[in-house]
Amino acid sequence: MTFYVENETDTEFPFSVEEIIKTAAEEILESENCPYAAQVNVLLTDNAGIRQYNREYRKMDMPTDVLSFPNLDFTLPADFSIPQQYPADYFDMDSGELLLGDIIISVERAMEQAHCYGHSLKREIAFLVAHSMLHLCGYDHMTPQEAAVMEQKQEAALRRIGITREIQ
């Protein structure tokens, strides 16, 4: 699996942010039984940067913590049968990897939320990646039932990789 991580901030993390992103993302793909090696792009930005993307792509002029841009059009969450029908649209022709999508995280917002919730930045980044990866796998949280499913899956994934709400 390939994870391209670009950090356009000056933030120095007290942990390997690339490793946390990769670990959280791979855990979601494994738990969702993704049958393919996947490719995900992750951009780490600040509040101004994510506000610009949010304004441009969602018509919402405000910063947010994370944005997800899935490449697949799922009928059902985690139904990975779709890509087989359109290999040129969904697979990197050089590597053969499934082009799952893009994630944009506001590091500034992640720091604020980690402080607010009383846990580590490492945990917040892992949470945002897990959350966003579920979106890339076709999940949403538009209804209370959908939100409950996502919350359960996020927390279970973080527990499995040993990242809990305790400060780490």
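1. In this predicted model, Asp 61 has a relative accessibility of 44% and therefore counts as partly exposed. Its side chain meets that of Arg 51 in a salt bridge, with an N to O distance of 2.8 Å. The pair links distant parts of the chain, since Arg 51 belongs to helix H2 (residues 47-58) while Asp 61 sits in the loop between H2 and strand E3 (66-70), 10 residues apart. Arg 51 is likewise partly exposed, at a relative accessible area of 34%. Through salt bridges that share partners, Arg 51, Arg 55 and Asp 61 are joined into one network.

2. The count of salt bridges comes to six, and one of them is formed by the side chains of Arg 160 and Glu 27, at 2.4 Å from N to O. Because Arg 160 lies in helix H6 (residues 144-160) and Glu 27 in helix H1, this pair ties together parts that are 133 residues apart in sequence. On accessibility, Arg 160 is partly exposed, with a relative accessible area of 47%, whereas Glu 27, at 13%, counts as buried.

3. A further salt bridge brings together the side chains of Glu 26 and Lys 22, with 3.7 Å between N and O. These two residues are four apart in helix H1 (residues 17-31), which means that about one helical turn separates them. Glu 26 is partly exposed at 27% relative accessibility, and Lys 22 is also partly exposed, at 32%.

4. Glu 97 deserves a separate comment. This residue is placed in the loop between helix H3 (87-90) and strand E4 (98-106). Glu 97 is buried and yet has no salt bridge, the nearest side chain of opposite charge being that of Lys 22, 10 Å away. What the side chain of Glu 97 does make is a polar contact with the side chain of Thr 2, at 2.7 Å. Leaving aside residues up to four places away in sequence, Glu 97 touches Met 1, Thr 2, Ala 37, Ala 38, Gln 39, Tyr 90, Phe 91 and Asp 92.

5. On confidence, the protein chain has a mean pLDDT of 93, and 97% of its residues reach 70 or more. Confidence is highest in strand E2 (residues 38-45), at 98, and lowest in H3, where the mean is 80.

Terms used:
Residues numbered from 1 in each chain as written. Heavy atoms only, no water. Buried < 20%, exposed > 50% of the residue type's maximum accessible area, 1.4 Å probe, protein only. Lys, Arg positive; Asp, Glu negative; His and termini not counted. Salt bridge = Lys/Arg side-chain N within 4 Å of Asp/Glu carboxyl O. Polar contact = N/O pair within 3.5 Å; in protein donor to acceptor, adjacent residues only side chain to side chain. Contact = heavy atoms within 4.5 Å. pLDDT = per-residue confidence, 0-100.
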